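Good morning. Please have the sequence and the model open.

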Amino acid sequence: PFLIQIPINFESKKTEKLIVDTGAIIDVCGLKNDSMTVLINFNQDKYGALKIQSKFSNKNLTAELFNADSIFKKFNFSDSILIKWIPPGNYNLRVFLDENNNGFWDAGMVTPPEKSEKIKIYPELIQIRPNWEVDLTIPPLD
């Protein structure tokens, strides 16, 4: 994984074009990327937000916000979190108690006996709308 930082004026509220030329990125095997153009809309009014609160305190929770296509965002939190810049659409949410801090849900094992990490899938579809904030409370992971 890598990080590219691009200075952007978020108050411009317009669509910016990011162009990555052919060969601009080279992986560890020496393979180069194809050219790519990405349009990024910086008008926050076009996106929604999700505020999640947990019935736990100071627990190491990992959550995944996903839709039918893929996981949109994976994040850690303890009491509450506000996620901004979510494209409008329908999402689901799963939360698990990451007891071993590896960032993944671990199933139990028969030998040696080990319980799986507690997981909860939010029972309702989460509808994100432009310029709206949705509030959710995650019940205890029983």
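Strand E3 (residues 48-54) and strand E6 run antiparallel and are joined by five bridges. Within that pairing, Leu 50 has Ile 83 in E6 as its bridge partner. On terms: strands (E, at least two residues) and helices (H or I, at least four) are DSSP runs, numbered from the N terminus. Two strands count as paired if DSSP finds at least two bridges between them.

Before going on, the source. This is a predicted model, in which local features need pLDDT of at least 70 and side-chain atom pairs count only at pLDDT 80 or more, while totals for chains, interfaces and linings use all residues. Residues are numbered from 1 along each chain as its sequence is written, and side-chain values use heavy atoms, with hydrogens and water left out.

Back to the sheet. E3 sits between E6 and E10 in an open sheet of three strands, with mixed pairing. Why is one side of E6 and of E10 left without a neighbour in the sheet? Strand E6 (80-86) and strand E10 (133-138) stand at the edges and each has a single partner strand, so one side of each has no neighbour there. On average, neighbouring strands of this sheet are turned by 15° against each other, direction ignored. For that angle, axes are lines fitted to C-alpha atoms, for helices over the stretch in contact, and angles run from 0 to 180 degrees between N-to-C directions.

Next, strand E7. Strand E4 (residues 61-66) and strand E7 (residues 89-97) are antiparallel, with six bridges joining them. Leu 61 is opposite Leu 97 in E7. E7 also pairs with strand E9 (residues 126-128), antiparallel, over three bridges, and there Asn 90 faces Gln 127 in E9. With strand E8 (residues 119-121), E7 again has an antiparallel pairing over three bridges. In that pairing, Arg 94 stands opposite Ile 121 in E8.

How many salt bridges does the structure hold? There are three, a salt bridge being a side-chain nitrogen of Lys or Arg within 4 Å of a carboxyl oxygen of Asp or Glu.

Arg 94 forms one of them with Glu 64, with the closest N and O atoms 2.4 Å apart. This pair links distant parts of the chain, Arg 94 in strand E7 and Glu 64 in strand E4, 30 residues apart. Glu 64 also forms a salt bridge with Lys 74, at 3.7 Å between the closest N and O atoms. Lys 74 lies in strand E5 (residues 71-77) and Glu 64 in strand E4, so this pair ties together parts that are ten residues apart in sequence.

Is Glu 64 buried or exposed? Glu 64 counts as buried, at 9% relative accessibility; buried means under 20% relative accessible area, exposed over 50%, and partly exposed in between (1.4 Å probe, protein chains only). Its two partners are partly exposed: Lys 74 at 36% and Arg 94 at 23%. Through shared partners, salt bridges join Glu 64, Lys 74 and Arg 94 into one network.

Another salt bridge joins the side chains of Glu 16 and Lys 14, at 3.9 Å from N to O. Glu 16 is partly exposed at 27%, and Lys 14 is partly exposed at 46%.

Last, Leu 18, which is in strand E1 (residues 15-20). Leu 18 is partly exposed, with a relative accessible area of 29%. Leaving aside neighbours within four places in sequence, Leu 18 has contacts (heavy atoms within 4.5 Å) that include Ile 6 and Met 36.
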